[in-house]
Amino acid sequence: MSKSFVSYNRFNIEASYDAIIIGSGMGGLSAGAFLSKEGKKVLILEQHYTAGGYTQIFKRKDYEWDIGIHYIGDVERPNSQIRQMFDYVTNGNLKWADMGQVYDKIIFGDEVYEFHKGKENFKKQLKTYFNTPEDHKAIDKYLDLVKSAQRTSRMFFAEKALPPAVSWIFAGNMRKRMLEFSRKTTREVLQSLTSNEKLIGVLTGQYGDYGLPPGKSSFIMHSILVNHYMNGGFFPVGGSAAILQNVAPVIKEAGGDILVCAEVKEIIVEGNKAVGVMMEDGKKILAPLVISSAGVINTYAKLLPEKIQAKHKFTDKLDKVTPSVSYICLYIGFKEDATALGLEKPNLWVYPENSYNHDENVERYINDPSAEFPVVYFSFPSAKDPDWPNRYPGKSTIDIITLAPYDWYTEWEDTRWKKRGEAYDAKKEDLSQRLLQVMYKYLPQLKGKVDYYELSTPLSTKHFMHYEKGELYGLDHVPERFNQRFLRAHTPVKNLFLTGQDIVSAGVGGALASGMLTASAILKRDLSAKIRKAATKVPADQDA
């Protein structure tokens, strides 16, 4: 499929647009697609040389790696909300590959705990590992509580699309039930169910999917994540780039455009009304609506004029939230296919042996970077994607991720990408070798097979994604985050709206839902009923 976006410098903007969207991540893309479906012409401006945000890919030496999407849940049922939204913004053209019965493996040394798709299968398998009556009772209560918590989130997030005046009337009732769950940490809730530290460690083995260990994360974020994957993991056929490839035509068909290398310097505000944007080259592009998918910190602290920041006390608001975790990722390429190398679809979550307290593991690592990694995550995209052999026959890839505080890299933050110096390169090589050793321990058949590897750091994320601290999930999902009323689609600046994971929750699912909320807020009507009615009915045998 040909690219559906062009460079800003090569595009003559002559048409007028109904809305300008800053950022082409999942939030910006979905907001643009939902509005396009309503006949709106949108202009999406992306500062990077490729569009897609964390849904994009990059290529090196005839290999391809996915930047941020490693698996997605709850798309197996045509009537699930996330599936309906994906079908709606892609006209049903995005297909999904099932990862199989086991989607995650939680590993502590030689102990392997499989997460099986389906609540009853999940529960049954877990009880084979933890077989006392007390453990079984705790597992039952845990799964019931996770489901109860997740059910409260729909009204909570729906309130974020209401006009401010209406919100003040209904917010209390719409937010109350979820706040009862969000105010507690994941560890607090699990410790109320069991004293078995190993069980807690296994149940929270996916904490890397939202970036915070159990003692710091809000239980509601944990519940949303667990429910999201309860029916298995799925991967977009054609890789994560297939998302942009199938959303972009919907935007183009409505007369919209997606421009890359298009860095916005400032949102133009006149009389507390957003009227357009000023580009880095000084050019002004005007539109009756401006939507920022650049993150709430970037929007309120960088893109708005200082007098507007001061007027609405945005600094005070931003003091109540913190950037999420940053990370390093080792991208590895092999000259053999996944089958020949024995690579399977399930993700691996590797933790220190006999050390089930994730908070203690993270704390030890933060205090001593030479300590054992608190978590090492493995993803096998070439095994998950049935279309991979058509694009890269005889080759395969692996992504390996672990935590890495941005502060460890501040001495190089003023250097240029690919030209940060020998000390930086040596640090990257040391980390690469450490991660490779973990890989060889759990996948010994790969020793001597590596053809290429490249490590990204938080500085890479900052360079390409414009996240100031190299954050992966926008804002931290701590309990305090969900109390912040300003994390919503509407802003105090008229005709300026927010979208993206900061106003909902971590990951592509949260960002996708944010696009629907933002479009609903702009149109002043709930789009969810229309999406349910119009959702493409994809026969089961058409999915991979």
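The charged end of Arg434 sits over the ring of Phe373, 4.2 Å from the ring centre. A charge counts as sitting over a ring if NZ of Lys or CZ of Arg is within 6 Å of the ring centre and within 35 degrees of the ring normal. Lys37 does this too: its charged end sits over the ring of Tyr88, 4.9 Å from the centre.

This is a predicted model, in which local features need pLDDT of at least 70, side-chain atom pairs count only at pLDDT 80 or more, and totals for chains, interfaces and linings use all residues. Residues are numbered from 1 along each chain as its sequence is written, and side-chain values use heavy atoms, with hydrogens and water left out.

## Overall build

The protein chain holds 21 helices and 21 strands. Along the principal axes, the C-alpha atoms fill a box of roughly 65 × 55 × 50 Å.

Of the 544 residues, 61% count as buried. Buried means under 20% relative accessible area, exposed means over 50%, and partly exposed lies in between (1.4 Å probe, protein chains only).

| Residue | Relative accessible area | Class |
|---|---|---|
| Phe34 | 0% | buried |
| Tyr88 | 8% | buried |
| Val277 | 0% | buried |
| His466 | 31% | partly exposed |
| Asp62 | 57% | exposed |

Val277 is found in strand β13 (residues 273–279). Its C-alpha atom is separated by 5.8 Å from that of Glu266, eleven residues away along the chain.

Helix α2 (residues 81–90) is mostly covered, with nine of its ten residues buried. Among them are Arg83, Asp87 and Tyr88. Asn91 follows α2 and has a positive phi, near 55 degrees.

In helix α9 (residues 219–229), eleven of eleven residues are buried. They include His222, Asn227 and His228.

Asp62 and His466 also have positive phi. In Asp62, a residue other than glycine, phi is near 65 degrees. Asp62 lies in the loop between β4 and β5 (63–66). Phi of His466 is near 65 degrees as well. His466 belongs to the loop between α19 and β21 (496–498).

## Aromatic contacts

The structure holds 32 aromatic pairs. A pair means rings of Phe, Tyr or Trp (its six-membered ring) with centres within 6.5 Å; planes under 30 degrees apart are stacked, over 60 edge-to-face, and the rest tilted. Phe34 and Tyr88 are stacked, at 5.9 Å centre to centre and 25 degrees between the planes. Phe34 lies in helix α1 (residues 26–36) and Tyr88 in helix α2, so the pair ties together parts that are 54 residues apart in sequence.

Phe378 and Phe380 also count as stacked, because their ring centres are 6.4 Å apart and their planes at 15 degrees. Both of these residues are buried.

On a 1 Å grid over the protein atoms alone, a cavity is a set of points where a 1.4 Å probe fits but cannot get out; a pocket is an open set with protein on both sides within 12 Å along at least five of seven lines; lining residues have an atom within 4 Å of a point. Points are joined across faces, edges and corners, and a volume is the space filled by probe spheres set on them.

The second largest pocket holds about 940 Å³. Its lining has 41 residues, and Thr50, Gln56, Ile57, Phe58 and Lys59 lie nearest its centre. Elements giving two or more residues to this lining include β4 (57–60), α10 (241–253) and α18 (422–442). The lining has 18 nonpolar, eleven polar and twelve charged residues. Here Ala, Val, Leu, Ile, Met, Phe, Trp, Tyr, Cys and Pro count as nonpolar, Asp, Glu, Lys and Arg as charged, and the others, Gly among them, as polar.

Three cavities reach 30 Å³ or more. The largest cavity has a volume of about 50 Å³. His466 is one of its lining residues, as are Tyr467 and Asp502. By class, that lining has five nonpolar, four polar and three charged residues.

Conventions. Helix = DSSP H or I, 4+ residues; strand = E, 2+ residues; numbered from the N terminus.
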